[in-house]
Amino acid sequence: AKEEYDSDPSDTGSETDEGSGSGSEGEKSKRRKEKADKKAAKAARKKSSAPSERRSKPKKKTKLPGQPKKPMSAYFLWLNEEGRELIKKENPGAGVTDIAKSAGVKWGTMDEGTKKKYESMHKDLKEKYEEEYKEWFEDGGEEALKQAKKDKKDAGGSGSPKKKKSGAGRKPA
């Protein structure tokens, strides 16, 4: 049983095949039925795969003016200093995602000595950040945070988006 493929681009998908002159009436009706079944299956697939509703991404939390920036993790310190270049030398044609995957594997299997170097750098940067944050907080940062919260509340932003509880799937009591 060899399958036939309709490769005629001028065919608009109409259900009538009159005038083709090939095959018996039984074969034509069989082909029509198969075509209709395929169309219905495709429509069902399309319907089930379509997203039910579009959701916008939550807005990124912005840093207040003067607020110190959090330090990079040990992994990112390594990646920016030597990891990315090392991987690019090994895989010159690698894309961003390939580099990120390779970097994760490399970091996981890296010797403890090299890891410790970057972890201690991270620790130093984190201590520096905590001092700077404390200074900023005492020198007006606390008021800035309160003001930002108040502005957000006035604008109607309630923080993290909460899912609505729907009655779908529940049995009436």
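Here are some friendly notes on this predicted model, point by point.

1. **Ground rules.** Numbering starts from 1 along each chain as its sequence is written, and side-chain values use heavy atoms, with hydrogens and water left out. As this is a predicted model, local features need pLDDT of at least 70 and side-chain atom pairs count only at pLDDT 80 or more, while totals for chains, interfaces and linings use all residues.

2. **Confidence.** The protein chain has a mean pLDDT of 78, with 71% of its residues at 70 or more; pLDDT is the predictor's confidence in each residue, from 0 to 100. Where pLDDT is low, the predicted coordinates should not be read in detail.

3. **Overall layout.** The protein chain contains four helices and zero strands, giving the pattern α-α-α-α along the sequence. Helices (H or I, at least four residues) and strands (E, at least two) are DSSP runs, numbered from the N terminus. Of the 173 residues, 12% count as buried (buried is under 20% relative accessible area, exposed over 50%, partly exposed in between, with a 1.4 Å probe and protein chains only).

4. **Helix 2 against helix 4.** The axes of helix 2 (residues 74-90) and helix 4 (residues 112-155) come within 8 Å and cross at roughly 115 degrees. Axes here are lines fitted to C-alpha atoms, for helices over the stretch in contact, with angles from 0 to 180 degrees between N-to-C directions. The two helices are therefore roughly perpendicular to each other (under 35 degrees is roughly parallel, over 145 roughly antiparallel, 65 to 115 roughly perpendicular, the rest oblique).

5. **Who meets whom.** On the helix 2 side, Ala-74, Leu-77, Trp-78, Glu-81 and Glu-82 take part; they meet Thr-114, Lys-117, Tyr-118, Glu-119, Met-121, His-122 and Leu-125 in helix 4. Contact means heavy atoms within 4.5 Å.

6. **Gln-67.** This residue sits in the loop between helix 1 and helix 2. Gln-67 is buried, with a relative accessible area of 16%. Not counting residues up to four places away in sequence, Gln-67 touches Tyr-133 and Trp-136.

7. **Arg-84.** Arg-84 is placed in helix 2 and counts as partly exposed, at 32% relative accessibility. Leaving out residues up to four places away in sequence, Arg-84 touches Leu-79 and Ile-99. Its C-alpha atom is separated by 9.3 Å from that of Ser-102, 18 residues apart along the chain.
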